[in-house]
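Please read the following note beside the structure itself, and look up each residue as it comes up. The points are numbered so that they can be taken one at a time.

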Amino acid sequence: MAGEALAAARAGEDAVAVDLVTGYLSGSPEGNEEIRELVLLLFAESSSMVGALGSGGATPVKMQVFDEDGNEVQIDDADPPVRTAIRALLAEVHGDQEAAAEQIEIALANGAPQELATVVLQALRWTLKLAVECETRDLPVAPWITASLDDQP
């Protein structure tokens with residue numbers, strides 16, 4: 001499921017990617033738990049890639065948030081679902097899986113469907129961008145992510 005969603009996001013089909021994660025899974029009784037696990041998987045893989053990129057790399061990894069006009073925005077001034085995604089990823093990067101899970105749980109419990117979709121889309125986009133950068137630098141990428149990248153023309 002995660003690989004299919006990554007492939008759809010890579011193809012620019014954001015709505016399809018989000019539907020693969022939220023639409024399919026939310027219909028099941030365990031939907032929120034499965035969505036949470038899938039998003040946490042994406043953030044865990046992203047965290048691993050951030051670590052690989054930051055280990056002895058020539059260019060450090062920097063988190064930035066931009067508005068619609070391309071201007072950098074402070075993390076605390078970002079839209080709530082973007083802040084949630086950033087906090088979840090940063091928690092993963094710092095080895096605090098519990099805090100990452102709490103952030104995703106907040107999004108699932110309190111967020112409107114569009115906010116959850118934004119968190120999912122952020123996780124997909126970051127995973128893709130980090131995977132492409134890791135591949136460019138010949139750094140390890142999880143095989144299932146590589147397979148989703150290879151599915152593209």
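1. Two terms are needed at the start. A residue is called buried when its relative accessible area is under 20%, exposed when it is over 50%, and partly exposed in between, with a 1.4 Å probe and protein chains only. A nonpolar core is a set of buried Ala, Val, Leu, Ile, Met, Phe, Trp, Tyr and Cys residues that are joined through side-chain atoms within 4.5 Å.

2. A word on the source comes next. This is a predicted model, in which local features need pLDDT of at least 70 and side-chain atom pairs count only at pLDDT 80 or more, while totals for chains, interfaces and linings use all residues. Residues are numbered from 1 along each chain as its sequence is written, and side-chain values use heavy atoms, with hydrogens and water left out.

3. The protein chain holds seven helices and two strands, where helices (H or I, at least four residues) and strands (E, at least two) are DSSP runs numbered from the N terminus. Read from the N terminus on, the order of the elements is α-α-α-β-β-α-α-α-α. Of the 153 residues in the protein chain, 41% count as buried.

4. Which residues of the largest nonpolar core touch the most other members? They are Val 39, Phe 43, Met 49, Ile 104, Val 120, Leu 124 and Ile 145, out of 47 residues in this core. At least two residues of the core come from each of helix 1 (2-10), helix 2 (14-26), helix 3, helix 4, helix 5, helix 6 and helix 7 (143-150), and helix 6 supplies the largest share, 12 residues. As general background, nonpolar side chains tend to be buried together in soluble globular proteins.

5. Helix 7 can be read in a similar way. Ile 145, Ser 148 and Leu 149 are buried in helix 7, and they cover an arc of only 100 degrees around the axis, which puts them on the same side of helix 7. On the other side of helix 7, Pro 143 and Asp 150 are exposed, and for Pro 143 the relative accessibility is 67%. The C-alpha atoms of Pro 143 and Gly 3 are separated by 9.9 Å, although these residues are 140 residues apart along the chain.

6. Cys 134 in helix 6 is buried, with a relative accessible area of 0%. By contrast, Asp 138 lies in the loop between helix 6 and helix 7 and counts as exposed at 70% relative accessibility. Asp 138 has a positive phi of about 55 degrees although it is not a glycine.

7. The largest pocket has a volume of about 890 Å³. On a 1 Å grid over the protein atoms alone, a pocket is an open set of points where a 1.4 Å probe fits, with protein on both sides within 12 Å along at least five of seven lines, and lining residues have an atom within 4 Å of a point. Of the 30 lining residues, Gln 64, Val 65, Gln 122, Trp 126 and Lys 129 are the closest to its centre. Helix 6 gives the most to this lining, with 10 residues.

How values were computed
Points joined across faces, edges and corners; volume = space filled by probe spheres on them. Arc of directions from axis to C-beta.
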